[in-house]
2 protein chains.
Amino acid sequence: MKLYDFSLFPNPRRARIFIAEKALQIPIEQVDALAGANRTPEFLKKNPSGGLPVLELDDGSCLAESVAICRYLEGLHPNPNLMGRDSREQAFIEQWNRRMELELFAVAARFFQNTGAFFKGRVPQVPEYGELQRANVVQRLRRMDAELAGREFVAADRYTIADITALVGIDLFCGYGGQPFPADLANLKRWHQAVSSRPSAKA
Amino acid sequence: MKLYDFSLFPNPRRARIFIAEKALQIPIEQVDALAGANRTPEFLKKNPSGGLPVLELDDGSCLAESVAICRYLEGLHPNPNLMGRDSREQAFIEQWNRRMELELFAVAARFFQNTGAFFKGRVPQVPEYGELQRANVVQRLRRMDAELAGREFVAADRYTIADITALVGIDLFCGYGGQPFPADLANLKRWHQAVSSRPSAKA
């Protein structure tokens, strides 16, 4: 097995954190997306969408999409459990992972894509749209703070994939996106410090 | 169990098709989102994000997010299988479902939200961004046509949740979105006719 990665991108980080939480040893190969290495004919055979990460299995099959990669690894290595122990818990964790992805992570990404200097000339940018997404992220972080008032983690009584998605989304927003971490949100801050202090956060 | 639905919206349609494919009898209650019934304090207790569909379980718990609802029902009723028979197949079907969602369905939705008369005054619209999304959908449909050259369905040798997501995304684009179905794409057309002729498509 091998993970095609690009260390600067947020989606590969989701997979790397997941792998680190499970203490798996999977060889990693960097694909320099800034130099277009994810758009070569050879790489597009692995993932025609050009996205990273991609997990190459031992039979040569390639699996793309970070959450699909996590699900495959969860099946192989169920412990520590990050995606649910039975189908009911799997469904509720998927609910939260999707909320964190669709209402936070992906919105932060569209904010950055439409406003960030990094993307200038790489993709068509519509700053007005990006600003709306920034406001949506800020609003979602306020709701997240309220949600975390009564609980330690996003989706369950333990750390799950939903915490990974939320962490990477927030770090994208406040890191590359250059936005201040909303320090007045005490529950969010406590949660962010806790998940950031796990060794996996550096993966 | 009860499904909170709004028949005009695309995400509830995903759940309804899934339920019809499994021939499940689940009571359905309409929530008139046009009249704001999904924003009442009572409904926000069921889903604080305000989205539909929501599945209310027999113990009163509420599960939101169409794909999470599908996963829960798949666990209860594994046949016919729509999300993978083992963890490897589950991962590859999830890969395709995510591609159809993130590269097609969600892009079509953002096109419509940013250009459609329906959303005028309901959400801030940025038509320039919407037009870019329209072009992205058209480009993705061309790729989908090529992908379907060698196979009958999107993700596996049989109908799966990825076909549902793609169908609902295309019907959103060509229906509410008012875009012509790209009739020159023969493989896409053959697939679309096949999945549209299943009784579940009318659910």
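These legends describe close-up views of a predicted model.

**View 1. Contact between helix α3 of chain A and helix α4 of chain B.** The axes of α3(A), residues 66-76, and α4(B), residues 87-115, come within 8 Å and cross at roughly 170°. Angles over 145 degrees count as roughly antiparallel, so α3(A) is roughly antiparallel to α4(B). On the chain A side, the contact is made by A:Ser66, A:Val67, A:Ala68, A:Arg71, A:Tyr72 and A:Gly75. On the chain B side, α4(B) contributes B:Ser87, B:Arg88, B:Gln90, B:Ala91, B:Glu94, B:Gln95 and B:Arg98. By class, this contact has four nonpolar, five polar and four charged residues.

**View 2. The largest cavity.** A search of the whole structure finds three cavities of 30 Å³ or more. The largest of them has a volume of about 170 Å³. Its lining is made up of 19 residues, and those nearest the cavity centre are A:Arg71, A:Glu94, B:Val67, B:Arg71 and B:Glu94. Helices α3 and α4 of chain A and helices α3 and α4 of chain B each give two or more residues to this lining. The largest share, six residues, comes from α4(B). Eight residues of the lining are nonpolar, four are polar and seven are charged.

**View 3. The second largest cavity.** This cavity has a volume of about 50 Å³. From chain A, the lining includes A:Asn97, A:Arg98, A:Glu101 and A:Leu102; from chain B, it includes B:Arg98, B:Glu101 and B:Leu102. The elements that give two or more residues to the lining are α4 of chain A and α4 of chain B. The largest share, four residues, comes from α4(A). By class, the lining divides into two nonpolar, one polar and four charged residues.

**View 4. Contact between helices α1 and α6 within chain A.** The axes of α1(A), residues 10-21, and α6(A), residues 161-174, come within 10 Å and cross at roughly 140°. The crossing is right-handed. Helix α1(A) makes the contact through A:Pro10, A:Arg13, A:Arg14, A:Ile17 and A:Phe18. The residues of α6(A) in the contact are A:Ile161, A:Ile164, A:Thr165, A:Leu167, A:Val168, A:Asp171 and A:Leu172. The residues of this contact divide into eight nonpolar, one polar and three charged.

Technical notes: Residues are numbered from 1 along each chain as its sequence is written. Chains are lettered from A and ligands numbered from 1 in the order in which they are written. This is a predicted model: local features need pLDDT of at least 70, side-chain atom pairs count only at pLDDT 80 or more; totals for chains, interfaces and linings use all residues. Side-chain values use heavy atoms; hydrogens and water are left out. Axes are lines fitted to C-alpha atoms, for helices over the stretch in contact, and angles run from 0 to 180 degrees between N-to-C directions. Angles under 35 degrees count as roughly parallel, over 145 as roughly antiparallel, 65 to 115 as roughly perpendicular and the rest as oblique. Contact means heavy atoms within 4.5 Å. Ala, Val, Leu, Ile, Met, Phe, Trp, Tyr, Cys and Pro count as nonpolar, Asp, Glu, Lys and Arg as charged, and the others, Gly among them, as polar. On a 1 Å grid over the protein atoms alone, a cavity is a set of points where a 1.4 Å probe fits but cannot get out, and a pocket is an open set with protein on both sides within 12 Å along at least five of seven lines; lining residues have an atom within 4 Å of a point. Grid points are joined across faces, edges and corners, and a volume is the space filled by probe spheres set on the points. A crossing is left-handed if the near helix is turned anticlockwise from the far one by less than a right angle, and right-handed if clockwise.
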